[in-house]
Amino acid sequence: MRISQHWRGYGFVAPYVIHFLLFVAFPVAFSLVLVFHRWNIIAPMEFVGLGNFYRLARDTLFFRSLGNTLMFLLIHIPLQIVVALFFAELLNRRLHGRGFFRAAFFLPVIVSGVVVTILWQRLFSFDSGLLNRLLIALGLGKVGWLVDPDLAMPSIALMATWKNVGLYIVLFLVGLQSVPSHLYEAAELEGASAWQKFRHITLPMINPTVFLVVVLSTIGGFSLFIEPYILTGGGPLNRTLSAVLYIYKEGFFFYHMGYAATLGFFFALVIMLVVVLQKRVVERNVTL
Amino acid sequence: MHFGVAGIGGNSGGFHRYPKRISLAVVCGMFLLMTACAPTRQRNPNEIIFWSSNNPYEIEFARIIVAEWNRRHPQSPVRYQPVPEGQSSEEVILAAVVGRTTPDVYANMWQGDVEAFARAGVLVPLDTLPGFLDVMYQRCDSSVIQEATSQDGHIYQVPWKINPIMMLYNVRLFQAIGMERPPATYSEFLSAAEKMKADTDGDGYVDRWIGYLNVNVTWWKRLFDFYPLYLAASHGAPLVQGERVVFNNRAARRVFRFLRKLYAGNYLPRDPMEGRQDPFLTGQVATQFTGPWAVSYLEKFKPEGFQYQFAPVPVPDDHQGPIFTYGDPKNIVIFNTSPNPRLAWKFVRFMIEKENDRRFLEMTDQLPRRKNLFRDPYFQTYFRNNPRMIPFARQARYVRGTDGCPVLKEVFDAISQQFEAGVIYGVVPVEVALEMAARRVRLIL
């Protein structure tokens, strides 16, 4: 009876419900089944119990890929926050062409990741890259941005920051604009310096935004895929092999669907733990 | 959070009852959707569905032979189409296998994939079809038949075409360093590499190299560098035999050492060269390991006065006998979804008749995998008109495909990982690198 009364409501939510069932609930449930099976798509599934977990525990390459991803996050998140906050602060002031700059910083966010990555591939190229040409013109040596195992992941983090920073600038701008101006006025009357205002008013007030940025960049960073897939294929020496790239290879290069699903679930658990940890450390309530 | 719960929590009984109906409706919808997608129509057993490669020359070849077949056999027509578009033809075939929408005949199956499909039971064992073995013995020599035979003793593929990997070289660059013929052995190659290495723009960095190997660790890249060199050094030995790893041998160690010397001497670049102007045509690299598909490309894009030739891949200094290489074979299979495998086989037999093989050669510049191709007078006119293809035809006698192994990609991946560590970066000795690759493959097998 209620359905007949509320059919319009159910009709409106139906597209989402169907989408959710088809593209979220079903894949997740199916992946859960796969975790306990060996399946290469073409042959029938074979029940292996906890075999996939046993393999995961001994898979040094997966743990290396996790380490690589954490290394990426350690470079990427602080860099992203500092750069985004710096530019948001600048763009929050009165300056000529402010709209243009805001749009310009946001532009890389809407450009396809593949396009951006190919562009940076040309910039990073050891022999013919623009960055190395610039260094040579300045009388400096070439840098193996992507071919030096120690530098490849930092280079990717640099590129990812350039690509994503526009989004976080916008978020910080919103945060900055929501700080009540009377707090700054009061601080000025008390003789606070610019740094003191930033440290004791701006930062605490935009703490929810900082937390949001940290969480979003953590989740985004954990899903690092396109950049190493196109730039390095995971090399050199597996130093840029991210966890998602490794899962993709297991699933779609070698068709170890059960094992890839196990890695996926384990990885989701890792992400959840990290985000919970961040929530405890970063998020603080601000009361006025 | 709270407002959402309050909004729907007013009548909890109803809330629990109706979603079940909705779920049921959705499940029914999904079932209908899936059954609508499934091939419910009964296939006509007298009709053959044929998927060709999506290379335009092969599509044209398919069009012509299908028209010819349909003219001769109007009662059992063939419908053809290129393999549907996808990220790779392999993924498309996989999807078709899962959806049971595979064609009767597929002509472009990489030999390395056949064993996995055969194990999954989706291919027709062709040796059970009448006349198959007679055609095979007529067309192929015993080593090719042995190579095509699966681990269970059946044959699931018709050896169809090959594109032997050879060393393409820039004649003028070698003349410039005083060499009238290309390097044939490791010592000659290393010596040429030293002379070829140059800083042509004076920026203090090498920008002319003896060659370039793809530095990406993706498994199939090794099909075009390590594998041909390994086959050449080992007289065509396998990598794995059944459940046994056999690549950790003297030939593989020699190949790894040779390539390591090239990287250690900075004779090969570590920087990826893909995506930039062709380094071979711009004279930045003097050699490439490639197949006959390069001929039409080079003829189209070579600059004025550019001279190139093909030669066998380099071998160890004490090498005796023929030089084998990788043939990059693509074969024909019949899927078990075929309602009439005998008829499908009849069409395949027609497709690989001598006349059609010559037509295929002329239209695609790819070599049919048949014995004595180059010496057979029937094909001589083609080679007279296409002298660039002669080195490949000579090489065709000494090619190998891939081992019948269901986890071949992982074998190549293990080799590729250690190739990077031991050869490109030299962080482990080549002997250790090979042993580590062998150990990993033993675990997989």
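Trainee: What is the bridge partner of B:W110 in β11(B)?
Mentor: B:K330 is the bridge partner of B:W110 there. Bear in mind that this is a predicted model: local features need pLDDT of at least 70, side-chain atom pairs count only at pLDDT 80 or more, and totals for chains, interfaces and linings use all residues. Residues are numbered from 1 along each chain as its sequence is written, while chains are lettered from A and ligands numbered from 1 in the order in which they are written.

Trainee: How many bridges join β3(B) to β11(B)?
Mentor: 5 bridges, and the strands run antiparallel. β3(B) covers residues 105-110 and β11(B) covers residues 330-334. Strands pair here if DSSP finds at least two bridges between them. Helices (H or I, at least four residues) and strands (E, at least two) are DSSP runs, numbered from the N terminus.

Trainee: And β1(B) with β3(B), parallel or antiparallel?
Mentor: Parallel, over 2 bridges. B:F50 stands opposite B:V105 of β3(B).

Trainee: How many residues of β3(B) are buried?
Mentor: 5 of its 6, so the strand counts as mostly covered if you apply the cut-off: buried means 20 or more other C-beta atoms within 10 Å of a residue's own, exposed means 12 or fewer, partly exposed is in between, and C-beta atoms are placed from the backbone.

Trainee: Why is β4(B) called largely enclosed?
Mentor: Because 5 of the 5 residues in β4(B), residues 158-162, are buried. β4(B) also pairs with β11(B), antiparallel, through 3 bridges. B:V158 has B:I332 as its partner in β11(B).

Trainee: Which residue of β12(B) is the bridge partner of B:K161?
Mentor: B:P368. β4(B) and β12(B), residues 367-368, pair in the antiparallel sense over 2 bridges.

Trainee: Helices next. Which residues of α3(B) are buried?
Mentor: B:E58, B:F61, B:A62, B:I65, B:V66 and B:W69. Down the helix axis they fall within an arc of 125 degrees, so they line one face of α3(B). The arc is taken over directions from the helix axis to the C-beta atoms.

Trainee: What do those buried residues pack against?
Mentor: β1 (48-52), β2 (78-82), α13 (341-351) and α14 (354-364) of chain B. The face of α3(B) turned away from the buried side carries exposed B:P56, B:A67 and B:R71.

Trainee: Switching topic: which domains does chain B have?
Mentor: Domain 1 (48-164 + 327-400) and domain 2 (166-326 + 407-444). Those bounds come from an automatic or database domain assignment. Their C-alpha centres lie 29 Å apart. The contact takes 16 residues from domain 1 of chain B and 17 residues from domain 2 of chain B. Contact means C-beta atoms, placed from the backbone, within 7 Å.

Trainee: And how many residues of chain B are in contact with chain A?
Mentor: 28 residues of chain B, against 25 residues of chain A. α2 (12-37), α4 (89-99), α5 (111-119) and α17 (408-424) of chain B each supply at least two residues of the chain B side.

Trainee: How many helices and strands in chain A?
Mentor: 14 helices and 2 strands. Buried residues make up 29% of its 288 residues.

Conventions: Contact = placed C-beta atoms within 7 Å.
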